[in-house]
Amino acid sequence: MIIWGFRSRNNVLGQRVLNCPNCHRDAMTAAVQSRRWFTLFFIPLFPIGAKKTVAQCGLCGFRYQVDNERAEALYGPTGNAPVPTQV
Ligand SMILES: [Zn+2]
């Protein structure tokens with residue numbers, strides 16, 4: 001018996017202060033990139049479809065899709081967002 005299926009893998013890109021299109025305030029916004037993978041025996045083998053990036057406003061919770069290139073330019077492609085330095 002072969003067990004196959006699909007699952008989504010999420011990659012948190014980071015957080016950044018952006019102006020929210022819903023509440024129009026500058027808010028800490030978290031971005032998550034997700035992509036569907038084909039799995040065989042629950043092991044992800046290869047990605048299917050396009051990457052999708054969703055950002056969520058930290059103040060009102062509004063979620064909106066972000067252009068992948070724009071999100072990677074803002075947050076970085078590897079998810080290693082720069083840690084804000086505290087004074
Ligand atoms: Zn908002």
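1. Among contacts in the protein chain between residues at least 6 apart in sequence, 56% join residues at least 24 apart, a contact being counted where the C-beta atoms of two residues, placed from the backbone, lie within 7 Å. The model is a predicted one, in which local features need pLDDT of at least 70 and side-chain atom pairs count only at pLDDT 80 or more, while totals for chains, interfaces and linings use all residues. Residues are numbered from 1 along each chain as its sequence is written.

2. The protein chain holds four strands and one helix, arranged from the N terminus as β-β-β-β-α; here helices (H or I, at least four residues) and strands (E, at least two) are DSSP runs, numbered from the N terminus. Of its 87 residues, 14% count as buried, the cut-off for buried being 20 or more other C-beta atoms within 10 Å of the residue's own, for exposed 12 or fewer, and for partly exposed anything in between, with C-beta atoms placed from the backbone.

3. The four strands make an open sheet in the order 1-2-3-4 with antiparallel pairing, and its edges are strand 1 (4-19) and strand 4 (63-66), each of which pairs on one side only. From one strand to the next the twist averages 30°, where axes are lines fitted to C-alpha atoms, for helices over the stretch in contact, and angles run from 0 to 180 degrees between N-to-C directions. Two strands are taken to pair if DSSP finds at least two bridges between them.

4. Strand 1 and strand 2 run antiparallel and are joined by 15 bridges, with Val12 standing opposite Val32 in strand 2. These two strands form a hairpin with six residues between them, and His24 in the turn has a positive phi of about 60°.

5. Between strand 2 and strand 3, which also run antiparallel, there are eleven bridges, and the bridge partner of Phe38 in strand 3 is Phe46. The hairpin that they form has two residues between the strands, with Phe41 in the turn at a positive phi of about 55°.

6. Strand 3 (residues 43-57) is joined to strand 4 by four bridges, again antiparallel; in strand 4, Val66 is the bridge partner of Thr53 and Tyr64 that of Ala55. Five residues lie between the two strands of this hairpin, and Gly61 in the turn has a positive phi of about 80°.

7. Helix 1 (residues 68-75) lies across strand 1, strand 2 (26-40), strand 3 and strand 4, and runs at about 55° to strand 1. The largest nonpolar core has six residues, namely Leu13, Ala31, Ala55, Val66, Ala71 and Tyr75, such a core being a set of buried Ala, Val, Leu, Ile, Met, Phe, Trp, Tyr and Cys residues joined through C-beta atoms within 7 Å. Leaving out residues up to four places away in sequence, Ala55 touches Thr29, Ala30, Ala31, Tyr64 and Val66.

8. Thr29, one of the residues touched by Ala55, lies in strand 2 and counts as buried because it has 22 C-beta neighbours inside 10 Å. Not counting residues up to four places away in sequence, Thr29 touches Gln15, Arg16, Leu18, Cys20, Ala55, Gln56, Cys57 and Gly58. The C-alpha atoms of Thr29 and Leu59 are separated by 8.5 Å, although these residues are 30 apart along the chain.
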